[in-house]
Amino acid sequence: MTAKTKSWILMATGRSPTNIAVIKYWGKRDEALILPVNDSISVTLDPDHLSATTTVAVSPTFDCDRMWLNGKEISLSGDRFQNCLREIRKLAGDVEDEKKGIRIRKEDWQNLHVHIASYNNFPTAAGLASSAAGFACLVFTLAKLMNVNEDHGKLSSIARQGSGSACRSLYGGFVKWTMGNDASGSDSIAVQLAPESHWSDLVIIIAVVSSKQKETSSTTGMRDTVETSPLLQHRAQCVVPARVLLMEEAIRNHDFASFARMTCVDNNQFRAVCLDTTWTWQLIFLNTTRQIAEACFLMKWIIFEVAYTFDAGLNAALISPNRKVAGLASKAAICFPPSPENDLASYVTGDKSIIYEAGLQSMKYVEALPPPPEYKDESPCQKSTRDVSYFICTKLGTGPKVLTEESLALINPTTGLPM
Ligand SMILES: Nc1ncnc2c1ncn2[C@@H]1O[C@H](COP(=O)(O)OP(=O)(O)OP(=O)(O)O)[C@@H](O)[C@H]1O
Ligand SMILES: C[C@@](O)(CCOP(=O)(O)OP(=O)(O)O)CC(=O)O
């Protein structure tokens, strides 16, 4: 390692999207390597609305690896962080920055420490897959800093060791995590099925029911399911393999009816294996999530207009084939109107043009909307004020990107500490 001065700092910043599974990963066959019991498929969400941004810095003056998440220092001592750091260091290459006069040889990376600062533009650990965006971003950005010369498949297998669903956030569009067979996990990687441009008119609306930290992590919940649910074996071996093929075909052919049906039934089966788990998973039948699913059924959206899916928290994702979703947004607003103190601008975030196009410029337009024809006067979904905290309107998004603009870095290039 050489440099004109000893106090240099070299940095890289990246941004990675989160993803929502339409065929769920739930259950590991190897806890340490994070190897799943079945393939899964996800859609990558627009990073403008849901993503992690991470800056990694290296300097000979750093005396240990440190990380700050959303401004607070967190420990890197856990296996998941350690596994990602170790695996990416193994692949590090030579780095040369002529301007700064820095030269790092690949073997130097074993002795150099990193500072990591990351920020999620959406709630952390609340069932919106922050771990997916976060670990994908960590691995992707470290790979840039360390000049790792590997494809995204290899990086996905490292991100997987941070959090299973993170491997799918290495790509945009539609992504499959192939479970693989090898005991080493080398073939348990993500592959892109189609880029976001393949079906660009899909609209995704996330109903954030709770942005509070979940009481039980997906990791604990799925471990319990593996240990106690006989239904999980049936799901993994007899149901998911055929469903994955049908889902791939639906995506290939832009067949929304089939896509929606597979998404909903897979979500239902994911919930079923949770119910089949000895230790009852207390979050799954909270009123609002049930009401959202019920609203979808009531309006017969499943076949024609909308797919619903929930991850491990309370939040619902509704997927619609096009901006006809303006109708969906207005229907959703009727089912779950904001509390009186909320205005529409803060109640609907993300791509607001979707609701504006539907003619909903302010709350008075929402209030004036007639109920959907499918609804009887005493619909259970009406007047559920305060049940949904807010909606995020979004679409399919791209995979991780390097951010070159210095103003976007989260670490001060002089101190090596978070800004
Ligand atoms: N930006 C980030 N960078 C690195 N790690 C992160 C980042 N954001 C979250 N994490 C890690 O992920 C953990 C949260 O994961 P957890 O699975 O509990 O929640 P989630 O991913 O938001 O929800 P879910 O997986 O159920 O959708 C955090 O405690 C932290 O360890
Ligand atoms: C319900 C899910 O979102 C579960 C995600 O679980 P995680 O990837 O968060 O779990 P670990 O691998 O233990 O970190 C379904 C999915 O994303 O496929």
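Predicted model: local features only at pLDDT ≥ 70, side-chain atom pairs only at ≥ 80, totals over all residues.
Residues are numbered from 1 along each chain as its sequence is written, chains are lettered from A and ligands numbered from 1 in the order in which they are written, and side-chain values use heavy atoms, with hydrogens and water left out.

The protein has 12 helices and 19 strands, taken as DSSP runs (H or I of at least four residues for helices, E of at least two for strands) and numbered from the N terminus. Of its 419 residues, 56% are buried, that is, under 20% relative accessible area with a 1.4 Å probe and protein chains only. Among contacts (heavy atoms within 4.5 Å) with a separation of 6 or more, 76% join residues 24 or more positions apart.

In soluble globular proteins, nonpolar side chains tend to be buried together. A nonpolar core is here a set of buried Ala, Val, Leu, Ile, Met, Phe, Trp, Tyr and Cys residues joined through side-chain atoms within 4.5 Å. The largest such core has 53 residues, and the members touching the most others are Val 43, Phe 174, Ile 206, Met 247, Phe 256, Phe 259 and Ile 319. Strand 14 (residues 203-208) supplies the largest share of this core, with six residues. Because domain 1 (10-196 + 402-408) and domain 2 (199-395) both give residues to this core, it lies between them; the domain bounds come from an automatic or database domain assignment. Beyond its neighbours within four places in sequence, Ile 319 contacts residues including Val 22, Leu 202, Phe 256, Phe 259 and Glu 305. A second, separate core of 50 residues includes Ile 102, Val 148, Val 175 and Cys 274.

Helix 5 (residues 230-252) and helix 6 (residues 256-275) pack with axes 10 Å apart at an angle of about 165°, where axes are lines fitted to C-alpha atoms over the stretch in contact and angles run from 0 to 180 degrees between N-to-C directions. The two helices, helix 5 and helix 6, are therefore roughly antiparallel, a term for angles over 145 degrees. Residues making this contact include Leu 246 and Met 247 of helix 5 and Phe 259 and Met 262 of helix 6.

Helix 2 (residues 130-145) packs against helix 3 (residues 152-159) at about 130°, with axes 9 Å apart. That angle makes helix 2 oblique to helix 3, the class left after roughly parallel (under 35 degrees), roughly antiparallel and roughly perpendicular (65 to 115). Phe 135 and Phe 140 of helix 2 and Leu 155 and Ile 158 of helix 3 are among the residues in contact.
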